[in-house]
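Open the model in a viewer and keep the selection tool at hand. The stops below follow one another, each with something to select.

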Amino acid sequence: MGKSSETLTKAEIAGAINRNLGISQTGSLAMVEAIMEKMGSALERGENVKIAGFGTFLLRDKGARVGRNPKTGEEAPISPRRVLTFRASHQLKDQIANGGGSEPA
């Protein structure tokens, strides 16, 4: 299994909305932007974002710890931070495992 060199972009998502729902390209792009803004704002406030059938964006707080420089082996402090992770839904995992099964948008 190799790495895919293709990337799905906001413009392509907006294009799919345009084709499938008949919303103008400008309206479709505005819809995608509004969804992303809503998700980003929720994550900023410390809320997780769950999209049924797709997955959950989770925030995790990592505490301070001592790390090691891989080149020198020297210890270095790592400050506490908040990280964003994604956990795919079982439906998405199954879709990927079964090779998709649906046409690209």
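Select the hairpin of β3 and β4, where 6 residues lie between the strands and G73 takes a positive phi near 80°. Strands and helices here are DSSP runs, numbered from the N terminus (strands: E, at least two residues; helices: H or I, at least four). Show β3 (residues 65–68) beside β4 (residues 75–78): they pair in the antiparallel sense over 4 bridges, pairing being called if DSSP finds at least two bridges between two strands. R65 has I78 in β4 as its bridge partner.

Two notes on reading the model: it is predicted, with local features needing pLDDT of at least 70 and side-chain atom pairs counting only at pLDDT 80 or more, while totals for chains, interfaces and linings use all residues. Residues are numbered from 1 along each chain as its sequence is written, and side-chain values use heavy atoms, with hydrogens and water left out.

Next, select M39, A42, L43, V49 and F57, which make up the largest nonpolar core. Such a core is a set of buried Ala, Val, Leu, Ile, Met, Phe, Trp, Tyr and Cys residues joined through side-chain atoms within 4.5 Å. Helix α2 (residues 25–44) gives the largest share of this core, 3 residues. Center on L43: leaving out residues up to four places away in sequence, L43 touches V49, F57, L59 and L84, contact meaning heavy atoms within 4.5 Å.

Now turn to the surface and select I51, F54 and F86, a nonpolar patch with about 240 Å² of accessible area together. Patch members have over 30% relative accessible area and no salt bridge; nonpolar side chains (Val, Leu, Ile, Met, Phe, Trp, Tyr) are joined within 5 Å, like charges within 9 Å. Areas come from the Shrake-Rupley method with a 1.4 Å probe, and for residues only the protein chains shown count as cover. F54 sits in the loop between β1 (49–51) and β2 (55–62). F54 counts as partly exposed because its relative accessibility is 36%; buried means under 20%, exposed over 50%, and partly exposed in between.

How many salt bridges does a search of the whole structure find? There are 4, each a side-chain nitrogen of Lys or Arg within 4 Å of a carboxyl oxygen of Asp or Glu. Select E33 and K10, whose closest N and O atoms are 2.8 Å apart. This pair links helix α2 to helix α1 (residues 10–21), across 23 residues. Then select D61 and R82, at 2.9 Å between the closest N and O atoms. D61 is in strand β2 and R82 in strand β5 (residues 81–88), so this pair ties together parts 21 residues apart in sequence.

Note on methods: Buried < 20%, exposed > 50% of the residue type's maximum accessible area, 1.4 Å probe, protein only.
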